[in-house]
Amino acid sequence: MSLAQLIQNAWNKQSSWLIVLRPLSCLYRAGFLLNRYFYNSGLKKTYSAPLPVMVIGNITVGGSGKTPLLIELVNYLKQHNVKVGVISRGYGGAGPFPMLVTSASQAAEAGDEPALIVQSTGVPMAVGPNRQAAIELLLAFTKLDLIISDDGLQHWALGRQIEWIVLDQNRGLGNRKLLPEGYLREPAERLKTGTVIEHTFAPSTAMHMHLEAGHPYLLNPSSAIELSFNTQNNYHAVVGIGFPQRFYQTLKGLGVNQFQEHAFRDHHDYVIDDLVFNDDQPIITTEKDAVKLLPLLEKYPEFKRPIWVVPVKAVLSAECYQVLNQQLQKLDIQIS
């Protein structure tokens with residue numbers, strides 16, 4: 001087990017030994033406050049795009065559900081004739097950056113989440129660590145009304161007019177400590193400065209969402225004799241996401257109770273050996289992982305183990321759309 005996985009497991013269990021990392025958390029906090037001061041005072045420059053920017057992010061490390069949320073919002077805006085584009089850092093991708101992401105882009109180049117976003121929505125998208133360069137590249141090819149930044153809540157070099165912060169109530173804020181003693185990127189008080197979207201099935205506020213699993217589909221249909229999904233099978237649950245427990249809970253919600261857990265770090269770069277086990281049981285995974293597994297299957301056509309993919313859709317409360325419409329109207333973006 002890697003050090004990153006060890007700490008991730010300790011965060012999820014809120015292990016007491018994490019206190020030994022407190023000196024590092026103090027250093028992180030000092031650097032965080034100093035960097036924020038530089039931007040607030042103007043010592044570091046913030047880029048203001050020529051059109052409104054909406055940031056969708058979180059204050060925790062690991063998955064919160066922001067990518068399904070972003071996909072839902074993009075589809076909603078497109079349906080209402082808002083010309084929307086998306087930017088992202090392209091974490092896990094090799095570039096070259098900045099780059100435009102198309103339906104043909106590989107996750108290895110653009111990153112797994114950007115590849116999934118474009119394949120799911122067809123939205124114009126550009127990625128790269130320099131968000132200004134990504135926006136300028138995007139605007140050079142298409143006329144837009146709104147830019148949505150996938151993550152980047154802590155990227156103060158990018159000016160923004162709207163901030164949506166996804167808070168996964170399944171994980172909560174853990175021990176409420178900053179990295180690395182806890183999994184907070186920013187102090188909990190940050191939640192007071194943006195529009196908070198509760199990710200939960202038991203909301204306590206009007207602004208909330210949950211993920212609804214769709215019917216699993218085969219990533220490699222030629223590998224299976226039986227093409228119908230069977231909840232009674234024993235599966236290998238292979239995931240490389242920030243909070244794998246959520247996926248295991250999704251499987252149980254689908255009626256899949258027999259599976260072996262194979263959790264990799266978030267944005268894991270798969271090799272074929274990650275999919276090799278000493279039996280013939282099928283694999284089940286997420287759409288985020290599937291965009292990386294498909295090129296691997298193309299590289300190894302002899303691999304015949306069935307791989308089932310569980311799609312998820314973000315279901316938002318009516319208030320989320322109402323607030324979004326109000327925020328956009330203040331920016332002179334009309335929802336038709």
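**Entry 1: the open sheet.** I looked up the strand order and found 5 strands in an open sheet, β9-β13-β12-β10-β11, with mixed pairing; two strands pair if DSSP finds at least two bridges between them. The edge strands, β9 (217-218) and β11 (259-263), each pair on one side only. I noted that helices (H or I, at least four residues) and strands (E, at least two) are DSSP runs, numbered from the N terminus.

This is a predicted model, in which local features need pLDDT of at least 70, side-chain atom pairs count only at pLDDT 80 or more, and totals for chains, interfaces and linings use all residues. Residues are numbered from 1 along each chain as its sequence is written, and side-chain values use heavy atoms, without hydrogens and water.

**Entry 2: β10 and β11.** I then followed β10 (residues 235-239), which runs parallel to β11 and is joined to it by 5 bridges. H236 has Q260 of β11 as its bridge partner.

**Entry 3: helix α6.** In α6 (residues 131-141) I found R131, A134, I135 and L138 buried, that is, under 20% relative accessible area, against exposed at over 50% and partly exposed in between (1.4 Å probe, protein chains only). Seen down the axis of α6, these buried residues fall within an arc of 95°, so they line one face of the helix; the arc is that of the directions from the helix axis to the C-beta atoms.

**Entry 4: cysteines.** I recorded 0 disulfides, a disulfide being a pair of cysteine sulfur atoms within 2.5 Å. C26 counts as partly exposed because its relative accessibility is 49%, whereas C320, at 0%, counts as buried.
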